[in-house]
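Here's a quick tour for anyone about to open the model in a viewer.

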Amino acid sequence: MKRVLAVVLGLVLLMQIQSPAVPMLCVYAEEEEKTATEETVDEAAEESAEGTADDEAEESTEETAEDAQEGPQVSAPSAILMEASTGTVLYEKDADTARPPASVTKVMTMLLIFEAIERGDISLEDEVTTSEYAASMGGSQVFLEAGEVQTVDTMLKCISVASANDACVAMAEYICGNEEEFVNRMNQRASELGMKNTHFVNCNGLDADGHLTSARDIALMSRELITKHPQIRDYCMIWMENITHTTSKGTTEFGLTNTNKLVRQYEYATGLKTGSTGEAKFCVSATAEKNGVELIAVIMAAENSKDRFRDAVTLLNYGFGKCQLYTDEEQGTPGPVEVEGGVEDQVGAVYSDSFTYLDTSGANLNQIEKKEQTEQPVKAPVKKGDVLGRLTYFLDGKEIGSVDILAAGDVEKAGFPDYLLEALGEFRL
């Protein structure tokens with residue numbers, strides 16, 4: 001009997017000793033299964049969902065799909081994609097971090113040059129003399145010599161095509177007298193355009209302490225340049241061209257080759273400017289147009305030139321696949337508006353602007369409807385530019401935008417003499 005009790009007691013003790021190991025083995029097995037499930041999430045999602053492990057796999061797959069829909073994959077640390085006509089941002093990645101922009105700086109330099117031409121301060125035919133300081137610029141250059149004379153037109157080619165630092169300084173001095181004052185204007189213009197993370201130190205983009213801008217700011221100044229001065233395409237789309245150096249040493253030809261390889265490699269390219277330095281790495285403001293949609297893709301601090309252009313093309317293709325632009329081609333002219341108490345009974349009207357709408361949802365833009373609303377009659381006096389109403393656009397019953405209806409001229413308030421003359425006229429009739 002004692003032997004039987006001893007055997008039973010021994011078995012009980014043995015079971016108590018072994019039993020804790022069972023859950024430990026199960027936990028280990030579950031960890032292995034979870035790891036395997038995570039490594040083969042796609043396979044698990046295709047199978048019928050049974051158990052917690054399969055549910056987790058499905059959730060992980062859904063999250064991955066959502067992440068993929070957020071936008072294109074860009075390797076550069078800072079990037080942005082903007083539609084030019086509306087300024088709509090379609091994609092951004094760390095777009096407000098201030099970084100060295102290298103020669104993309106020249107977008108602002110060229111903007112100020114074109115604005116000076118538009119004001120009549122300078123012309124494309126003006127002759128610009130290169131100073132010793134301008135000729136001393138390093139980096140990318142066209143080797144202008146001190147005292148050498150080139151036209152504004154040629155200088156623009158040198159800046160846009162060959163990214164010439166010496167030509168930039170020569171133009172800055174020609175417009176403002178010295179580079180420092182020109183840079184002050186660059187910073188002032190940046191402020192006017194809402195470029196909140198920009199501070200220029202020079203006009204050409206050579207590395208300098210405090211010379212910084214952001215991807216968003218580059219897009220803003222690029223948009224201003226290409227929309228207000230589309231003739232920039234005449235320069236930035238040149239692939240190769242020769243200029244003539246005429247100096248005391250004689251006359252020589254110098255070949256310009258575009259630093260923007262997208263001009264040849266991307267069929268929709270319209271510009272705009274590349275840049276690279278040791279601190280800035282590789283940057284580009286790439287513009288392109290397809291089916292009436294013009295996009296601006298800015299890449300900053302890419303590791304190499306190929307990555308810079310690949311990222312830009314990735315963004316542009318993404319944008320063209322996502323965008324369709326509606327422009328009201330039948331906007332016409334609004335009818336006259338009745339005036340009460342004025343020397344005239346009506347005032348002509350005009351629309352404040354043409355209407356464009358950027359859609360990224362794939363909507364049927366043929367379904368856009370519009371409704372014109374004016375308050376009639378308006379009371380005199382009426383001044384040219386006064387808002388008389390608006391033309392509103394709707395898509396699927398929702399307002400998508402509007403343009404104001406403005407007075408096309410002045411209508412003075414009628415006085416007693418005016419009423420008397422009117423009465424006499426009616427009496428004669």
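What follows is a short briefing on a sheet, a helix and a cavity. Keep in mind that this is a predicted model.

**The sheet**
- Four strands make up an open sheet, and reading across it you get β13-β18-β17-β15, with antiparallel pairing.
- At the edges sit β13 (349-351) and β15 (369-374), each of which pairs on one side only.
- On average, neighbouring strands here are turned by 25 degrees against each other, direction ignored.
- The partner of β15 is strand β17 (residues 387-395), and six bridges join the two in the antiparallel sense.

- Helix α10 covers residues 215-228, which is 14 residues.
- From first C-alpha to last, α10 reaches 20 Å, close to the 20 Å expected at 1.5 Å a residue.
- Ten of the 14 residues in α10 are buried, so the helix is largely enclosed by the rest of the structure.
- Among those buried residues of α10 are R216, D217 and E224, along with I218, M221, L225 and I226.

**The cavity**
- How many cavities of 30 Å³ or more turn up? The count comes to one.
- The largest cavity holds about 30 Å³ of space.
- Its lining is made of P100, P101, A102, G205, L206, D207, A208, H211 and E279.
- By type, the lining of the largest cavity splits into five nonpolar, two polar and two charged residues.

Notes
Residues are numbered from 1 along each chain as its sequence is written. This is a predicted model: local features need pLDDT of at least 70, side-chain atom pairs count only at pLDDT 80 or more; totals for chains, interfaces and linings use all residues. Side-chain values use heavy atoms; hydrogens and water are left out. Two strands pair if DSSP finds at least two bridges between them. Axes are lines fitted to C-alpha atoms, for helices over the stretch in contact, and angles run from 0 to 180 degrees between N-to-C directions. The expected span of a helix is 1.5 Å times one less than its number of residues. Buried means under 20% relative accessible area, exposed over 50%, partly exposed in between (1.4 Å probe, protein chains only). On a 1 Å grid over the protein atoms alone, a cavity is a set of points where a 1.4 Å probe fits but cannot get out, and a pocket is an open set with protein on both sides within 12 Å along at least five of seven lines; lining residues have an atom within 4 Å of a point. Grid points are joined across faces, edges and corners, and a volume is the space filled by probe spheres set on the points. Ala, Val, Leu, Ile, Met, Phe, Trp, Tyr, Cys and Pro count as nonpolar, Asp, Glu, Lys and Arg as charged, and the others, Gly among them, as polar.
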